[in-house]
Amino acid sequence: MAPRLLRQVAAAGALAGRLVSGDALYCQKALCRQIRAGGGDYLFGVKGNQPDLLEDVRLLFTDPPPGERFLSAHTVNKARGRLEERRLRASATLAGYLGAAGWPEVGLVLEVSTTVRWPRQPDQPMRHEVRYFVSSLPATTPPAHALRAVRRHWQIENGLHWTRDMTLGEDACQVRTGHAPQVLAAVRNAVVGLLHAHGVPNLAATLRANAWSGPSAVLRLLGLTPS
(Lines give C-alpha, C1' and ligand atoms only; values in the text may rest on other atoms or scores of the structure.)
Protein backbone atom coordinates (compact mmCIF):
# COMPACT_ATOMS: atom_id res chain seq x y z
CA MET A 1 0.00 0.00 0.00
CA ALA A 2 2.82 2.44 0.80
CA PRO A 3 4.28 2.63 -2.75
CA ARG A 4 0.80 3.04 -4.25
CA LEU A 5 -0.11 5.79 -1.79
CA LEU A 6 3.17 7.60 -2.44
CA ARG A 7 2.56 7.44 -6.21
CA GLN A 8 -0.83 9.09 -5.71
CA VAL A 9 0.65 11.77 -3.46
CA ALA A 10 3.51 12.44 -5.89
CA ALA A 11 1.09 12.60 -8.85
CA ALA A 12 -0.85 15.30 -7.00
CA GLY A 13 2.38 17.27 -6.52
CA ALA A 14 2.11 16.98 -2.74
CA LEU A 15 5.28 14.99 -2.03
CA ALA A 16 7.86 17.61 -2.98
CA GLY A 17 9.40 19.25 0.06
CA ARG A 18 7.72 16.82 2.48
CA LEU A 19 9.35 14.53 5.01
CA VAL A 20 7.98 10.98 4.98
CA SER A 21 8.59 9.11 8.23
CA GLY A 22 7.96 5.48 9.02
CA ASP A 23 8.94 2.63 11.30
CA ALA A 24 11.47 -0.04 10.33
CA LEU A 25 8.99 -1.94 8.13
CA TYR A 26 9.24 0.88 5.57
CA CYS A 27 13.03 1.09 5.65
CA GLN A 28 13.44 -0.27 2.10
CA LYS A 29 15.73 0.98 -0.65
CA ALA A 30 13.00 1.00 -3.30
CA LEU A 31 10.68 3.06 -1.11
CA CYS A 32 13.48 5.54 -0.35
CA ARG A 33 14.19 5.92 -4.07
CA GLN A 34 10.50 6.51 -4.76
CA ILE A 35 10.31 9.25 -2.15
CA ARG A 36 13.41 10.99 -3.43
CA ALA A 37 12.19 10.75 -7.02
CA GLY A 38 9.04 12.58 -5.93
CA GLY A 39 11.06 15.38 -4.36
CA GLY A 40 10.50 14.33 -0.74
CA ASP A 41 12.80 13.26 2.07
CA TYR A 42 12.59 10.12 4.17
CA LEU A 43 13.17 9.31 7.82
CA PHE A 44 12.91 5.62 8.69
CA GLY A 45 13.68 3.57 11.75
CA VAL A 46 16.41 0.96 11.43
CA LYS A 47 15.95 -2.46 13.02
CA GLY A 48 16.74 -6.13 12.44
CA ASN A 49 14.91 -6.39 9.11
CA GLN A 50 17.94 -4.51 7.67
CA PRO A 51 20.72 -6.23 9.64
CA ASP A 52 23.68 -4.83 7.67
CA LEU A 53 22.35 -1.28 7.86
CA LEU A 54 21.59 -1.67 11.56
CA GLU A 55 25.09 -2.95 12.28
CA ASP A 56 26.73 -0.12 10.30
CA VAL A 57 24.71 2.58 12.06
CA ARG A 58 25.07 1.04 15.51
CA LEU A 59 28.83 0.63 15.10
CA LEU A 60 29.25 4.28 14.18
CA PHE A 61 27.67 5.39 17.46
CA THR A 62 29.09 2.70 19.74
CA ASP A 63 32.64 2.75 18.33
CA PRO A 64 33.05 6.04 16.44
CA PRO A 65 36.14 6.62 14.31
CA PRO A 66 38.82 8.98 15.64
CA GLY A 67 37.84 12.60 15.28
CA GLU A 68 34.12 11.92 14.82
CA ARG A 69 32.04 14.83 16.12
CA PHE A 70 28.36 14.12 16.39
CA LEU A 71 25.65 16.72 16.05
CA SER A 72 23.51 16.59 19.19
CA ALA A 73 20.22 17.73 20.66
CA HIS A 74 18.63 17.20 24.07
CA THR A 75 15.09 17.63 25.41
CA VAL A 76 13.40 17.02 28.77
CA ASN A 77 9.61 16.84 29.02
CA LYS A 78 7.11 16.18 31.79
CA ALA A 79 3.89 14.35 30.98
CA ARG A 80 1.39 12.47 33.18
CA GLY A 81 3.83 11.99 36.03
CA ARG A 82 6.66 10.94 33.74
CA LEU A 83 9.98 12.69 33.17
CA GLU A 84 11.09 11.99 29.60
CA GLU A 85 14.64 12.77 28.53
CA ARG A 86 15.72 12.37 24.91
CA ARG A 87 19.20 12.70 23.47
CA LEU A 88 19.91 12.72 19.76
CA ARG A 89 23.24 12.19 18.06
CA ALA A 90 23.48 12.60 14.30
CA SER A 91 26.22 12.10 11.75
CA ALA A 92 26.74 12.41 8.00
CA THR A 93 29.87 10.22 8.08
CA LEU A 94 28.12 7.20 6.51
CA ALA A 95 26.50 9.12 3.65
CA GLY A 96 28.98 8.07 0.96
CA TYR A 97 29.34 4.51 2.25
CA LEU A 98 25.60 3.87 2.46
CA GLY A 99 25.02 5.56 -0.88
CA ALA A 100 27.44 3.10 -2.49
CA ALA A 101 25.51 0.27 -0.79
CA GLY A 102 22.32 1.34 -2.56
CA TRP A 103 20.66 3.60 0.00
CA PRO A 104 19.63 6.65 -2.04
CA GLU A 105 20.92 10.07 -1.07
CA VAL A 106 21.46 9.34 2.62
CA GLY A 107 22.21 12.55 4.48
CA LEU A 108 22.14 11.65 8.16
CA VAL A 109 22.01 8.64 10.42
CA LEU A 110 20.57 9.20 13.88
CA GLU A 111 20.71 7.70 17.33
CA VAL A 112 17.92 8.66 19.73
CA SER A 113 18.20 7.50 23.34
CA THR A 114 15.12 7.91 25.53
CA THR A 115 15.06 7.65 29.33
CA VAL A 116 11.74 7.70 31.19
CA ARG A 117 11.51 8.16 34.97
CA TRP A 118 8.58 8.45 37.38
CA PRO A 119 9.80 10.93 40.06
CA ARG A 120 6.75 10.42 42.27
CA GLN A 121 6.86 6.64 41.99
CA PRO A 122 10.31 5.59 43.22
CA ASP A 123 9.39 1.90 42.92
CA GLN A 124 8.67 2.27 39.22
CA PRO A 125 11.71 1.08 37.23
CA MET A 126 13.42 3.50 34.89
CA ARG A 127 12.91 2.76 31.19
CA HIS A 128 15.71 3.27 28.69
CA GLU A 129 15.60 2.74 24.93
CA VAL A 130 17.99 3.43 22.06
CA ARG A 131 16.68 3.69 18.50
CA TYR A 132 18.42 4.25 15.18
CA PHE A 133 17.25 6.06 12.05
CA VAL A 134 18.40 6.74 8.51
CA SER A 135 17.34 9.84 6.61
CA SER A 136 17.89 11.79 3.43
CA LEU A 137 17.80 15.03 5.42
CA PRO A 138 20.97 16.98 4.54
CA ALA A 139 23.97 17.20 6.82
CA THR A 140 23.14 20.87 7.45
CA THR A 141 19.86 19.95 9.16
CA PRO A 142 19.83 21.36 12.72
CA PRO A 143 19.86 18.42 15.17
CA ALA A 144 16.93 19.90 17.10
CA HIS A 145 14.89 19.80 13.87
CA ALA A 146 15.81 16.14 13.34
CA LEU A 147 14.76 15.26 16.89
CA ARG A 148 11.43 17.06 16.42
CA ALA A 149 10.86 15.04 13.24
CA VAL A 150 11.42 11.79 15.13
CA ARG A 151 9.03 12.85 17.87
CA ARG A 152 6.34 13.95 15.41
CA HIS A 153 6.35 10.49 13.86
CA TRP A 154 5.64 8.90 17.22
CA GLN A 155 2.99 11.50 18.02
CA ILE A 156 1.07 10.21 14.99
CA GLU A 157 1.67 6.62 16.05
CA ASN A 158 0.59 7.17 19.65
CA GLY A 159 -2.15 9.71 18.99
CA LEU A 160 -3.96 7.88 16.19
CA HIS A 161 -2.69 4.39 15.39
CA TRP A 162 -2.37 3.20 19.00
CA THR A 163 -5.79 4.64 19.80
CA ARG A 164 -7.42 2.91 16.86
CA ASP A 165 -5.57 -0.39 17.27
CA MET A 166 -5.81 -0.80 21.03
CA THR A 167 -8.32 1.62 22.60
CA LEU A 168 -10.90 1.11 19.84
CA GLY A 169 -9.98 -2.55 19.26
CA GLU A 170 -9.19 -2.37 15.54
CA ASP A 171 -6.47 -5.03 15.70
CA ALA A 172 -8.84 -7.48 17.37
CA CYS A 173 -11.76 -6.77 15.01
CA GLN A 174 -12.76 -9.83 12.95
CA VAL A 175 -14.90 -7.97 10.41
CA ARG A 176 -13.57 -8.84 6.92
CA THR A 177 -16.58 -8.78 4.55
CA GLY A 178 -17.24 -6.28 1.79
CA HIS A 179 -16.81 -2.61 2.65
CA ALA A 180 -17.47 -3.13 6.37
CA PRO A 181 -13.77 -2.81 7.40
CA GLN A 182 -13.48 0.58 5.64
CA VAL A 183 -16.75 1.78 7.15
CA LEU A 184 -15.66 0.79 10.66
CA ALA A 185 -12.27 2.47 10.13
CA ALA A 186 -14.07 5.68 9.13
CA VAL A 187 -16.26 5.47 12.23
CA ARG A 188 -13.21 5.01 14.46
CA ASN A 189 -11.49 7.99 12.85
CA ALA A 190 -14.62 10.08 13.37
CA VAL A 191 -14.79 9.09 17.04
CA VAL A 192 -11.13 9.97 17.62
CA GLY A 193 -11.49 13.30 15.80
CA LEU A 194 -14.67 14.20 17.66
CA LEU A 195 -13.21 13.48 21.09
CA HIS A 196 -9.98 15.35 20.29
CA ALA A 197 -12.06 18.33 19.13
CA HIS A 198 -13.67 18.38 22.59
CA GLY A 199 -10.24 18.41 24.27
CA VAL A 200 -10.66 14.99 25.88
CA PRO A 201 -7.43 14.15 27.77
CA ASN A 202 -8.05 10.40 28.10
CA LEU A 203 -9.90 8.72 25.25
CA ALA A 204 -10.21 5.32 26.92
CA ALA A 205 -11.80 6.77 30.07
CA THR A 206 -14.16 8.95 28.02
CA LEU A 207 -15.26 6.00 25.89
CA ARG A 208 -16.08 4.04 29.03
CA ALA A 209 -18.00 6.97 30.52
CA ASN A 210 -20.02 7.58 27.34
CA ALA A 211 -20.76 3.87 27.02
CA TRP A 212 -22.70 4.15 30.29
CA SER A 213 -24.32 7.48 29.46
CA GLY A 214 -26.60 6.44 26.64
CA PRO A 215 -27.56 8.36 23.47
CA SER A 216 -27.84 11.75 25.19
CA ALA A 217 -24.08 11.97 25.75
CA VAL A 218 -23.38 11.22 22.09
CA LEU A 219 -25.89 13.84 20.98
CA ARG A 220 -24.19 16.45 23.16
CA LEU A 221 -20.79 15.61 21.65
CA LEU A 222 -22.31 16.11 18.20
CA GLY A 223 -23.71 19.48 19.24
CA LEU A 224 -27.28 18.24 19.16
CA THR A 225 -29.84 18.69 21.91
CA PRO A 226 -31.36 15.39 23.05
CA SER A 227 -35.13 15.34 22.76
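Predicted model: local features only at pLDDT ≥ 70, side-chain atom pairs only at ≥ 80, totals over all residues.

1. Residues are numbered from 1 along each chain as its sequence is written, and side-chain values use heavy atoms, with hydrogens and water left out.

2. In helix α2 (residues 29-37), Leu-31, Cys-32 and Ile-35 are buried (under 20% relative accessible area, 1.4 Å probe, protein chains only). They lie on the same side of α2, because they cover an arc of only 100° around the axis, taken from the directions from the helix axis to the C-beta atoms. The buried residues of α2 pack against α1 (2-11), β1 (19-22) and β2 (41-46), and α2 is followed by Gly-39, whose phi is positive, near 90°.

3. The structure holds 0 disulfides, a disulfide being a pair of cysteine sulfur atoms within 2.5 Å. Cys-27 is in no disulfide, and the nearest cysteine sulfur, that of Cys-32, is 5.7 Å away. Cys-27 counts as buried at 1% relative accessibility, and Cys-32 is buried with a relative accessible area of 0%.

4. Strand β3 (residues 71-79) pairs with strand β4 (residues 82-91) in the antiparallel sense over 9 bridges, where pairing requires that DSSP finds at least two bridges between the strands and strands are DSSP runs (E) of at least two residues, helices being H or I runs of at least four. The bridge partner of Ser-72 in β4 is Arg-89. The hairpin of β3 and β4 has 2 residues between the strands, and Arg-80 takes a positive phi near 50° there.

Key. Buried < 20%, exposed > 50% of the residue type's maximum accessible area, 1.4 Å probe, protein only. Contact = heavy atoms within 4.5 Å.
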